[in-house]
Amino acid sequence: MNEPPISRGFRARQRPPGTRDRVPPGQHLVSDFPVLSAGPTPEADLASWRFGLDDGASPFAEWTWAEFNALPQTEITVDIHCVTTWSKLDTRWRGVTIDDLLAAAGLSEAPDAFVMAHCEGGYTTNMPVADLVDGKAMVATHFDDEPLDPEHGGPARLLVPHLYFWKSAKWIRRLQFIPEDQPGFWEENGYHMYGDPWREQRYDGD
Amino acid sequence: MTAIEVAAPRLAWRIAEVREIIDETPRVRTLVLDVPGWPGHRPGQHIDVRLTGEDGYAAQRSYSIASAPEAPMVAITVERIATGEVSPYLASEVVPGDRFELRGPIGGYFVWSVASGGPLMLVAGGSGIAPLMAMLRHRAAVGASMPARLIYSSRSHEDIIYRDELARLAAAGDGLDVVHVLTRARPADWTGESRRIDAEMLARLSFPPSQRPFVYICGPTSLVESAARTLVTLGHDRRLIRTERFGPTGP
């Protein structure tokens, strides 16, 4: 492998101590919360809002906003990593874990091995079920104890913090279980099918 | 026949050499890059730049491509952000002849070419002009004449990036209008728009929703959020509105 050219005088900004092993390769820390979306932020109408689990044909379960908020609540504090190279440490979220959603739907386990997440506005993203269960992921409705802002995905977004953040789909409306992995929106547009920040899987082929 | 299973090739890091530096505004400059093996791009796409320091420390950031696909070299336009790590180096330290790594092009959604059709409606804030400039340069390079309009918000007249080139493009009489909006300081003889882009301005200056313009909005989050929301309210099909944002920490 060729050595990269050296940029004379280029050096790291100071990092907060103790954070080095929490920042994946090619990432840098931010203290604010950047917004990235492909289109306009949708207006949520909580009266007609629904969230459901299905297999593309029949629904396993569907919840209204009130019903969804009556499901068991879980709070987690996690680091998040955006493919555009920012990472943010110790973000605090509240929502309903996928495990609790499956249980509430009366499913002892997920019906298929993969998921396509569908969102208001048509955004989709894919991932293995294994990355959603066992406490790894939730549908989040709160950030820092406040209802999630629309520009950050409110009223509810998927939160899969161990994958690049485009997998944590904003404005989530349903999870579709599918037998084989299929590309979602960014995955169709050159981004990686899985998106592990620690293996720097940013783009197709990484 | 066996099943066809072609793993996508990894998007390779290439070595770019800085050929020319153009001071666009006091805080913004353009780097014109020679990238051997560059595969070409579509207007609106971006690249990732990776800098490696003498101690081996490496950092990467994304930059929109500002040049047209038809241009002989790849150009990026970088704003100096005081608290940044990569942008101050690119915007202040780099000199012609310097080399660094990049890979791309990246992104298949925030793209437009003349084959996409028109009208083309662009809304930019600050250095968010860069990917939209690639679209306008491409449109001019291929001699297209579909209606196009740029609404471009800058802090002051001195902060307008590509000011002279935009004036030339708008004067070509090929269907492009450029409307400048100045939010902070105005020249004494300024008669143009002089406040933040708002609903009244977008209603007056955008192509009507009935013409189904392709809309691309790029700039700071606040501008993008507000312009996109307003255009939806004015009746534009949200599926025709594509956005790209950067916050203070983006580039």
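The legends below describe close-up views of a predicted model.

Local features are given only at pLDDT of at least 70 and side-chain atom pairs only at pLDDT 80 or more, while totals for chains, interfaces and linings use all residues. Residues are numbered from 1 along each chain as its sequence is written, chains are lettered from A in the order in which they are written, and side-chain values use heavy atoms, with hydrogens and water left out.

**View 1. The interface between chain B and chain A.** Contact, defined as heavy atoms within 4.5 Å, involves 41 residues of chain B and 37 residues of chain A. The two chains bury about 3,700 Å² between them, 52% of it on carbon and sulfur atoms; buried area is the accessible area (1.4 Å probe) that two parts lose on being put together, summed over both.

**View 2. Salt bridges and polar contacts between chain B and chain A.** Three salt bridges are counted between the chains (a side-chain nitrogen of Lys or Arg within 4 Å of a carboxyl oxygen of Asp or Glu). One salt bridge pairs B:Asp98 with A:Arg8, whose closest N and O atoms are 3.7 Å apart.

The elements giving two or more residues to the chain B side are strands E3 (46–52), E4 (58–64), E6 (99–106) and E11 (241–246), together with helix H5 (221–233). Helices (H or I, at least four residues) and strands (E, at least two) are DSSP runs, numbered from the N terminus.

**View 3. An open five-stranded sheet in chain A.** The strand order is E3-E2-E11-E6-E7, with mixed pairing; two strands pair if DSSP finds at least two bridges between them. Strands E3 (59–64) and E7 (124–128) of chain A are the edges, each pairing on one side only. Strand E6 (residues 114–119) of chain A runs antiparallel to E7(A), with five bridges joining them. A:Val115 has A:Met127 in E7(A) as its bridge partner.

**View 4. An open six-stranded sheet in chain B.** The order is E4-E3-E6-E1-E2-E5, with antiparallel pairing. E4 and strand E5 (74–79) of chain B each have a single partner strand, so one side of each is left without a neighbour in the sheet. Six bridges join strand E2 (residues 28–34) of chain B to E5(B), and the two run antiparallel. B:Val32 stands opposite B:Ala75 in E5(B).

Terms used. A polar contact is a pair of N or O atoms within 3.5 Å; within protein, one must be able to donate a hydrogen and the other to accept it, and residues adjacent in sequence count only if both atoms are side-chain atoms.
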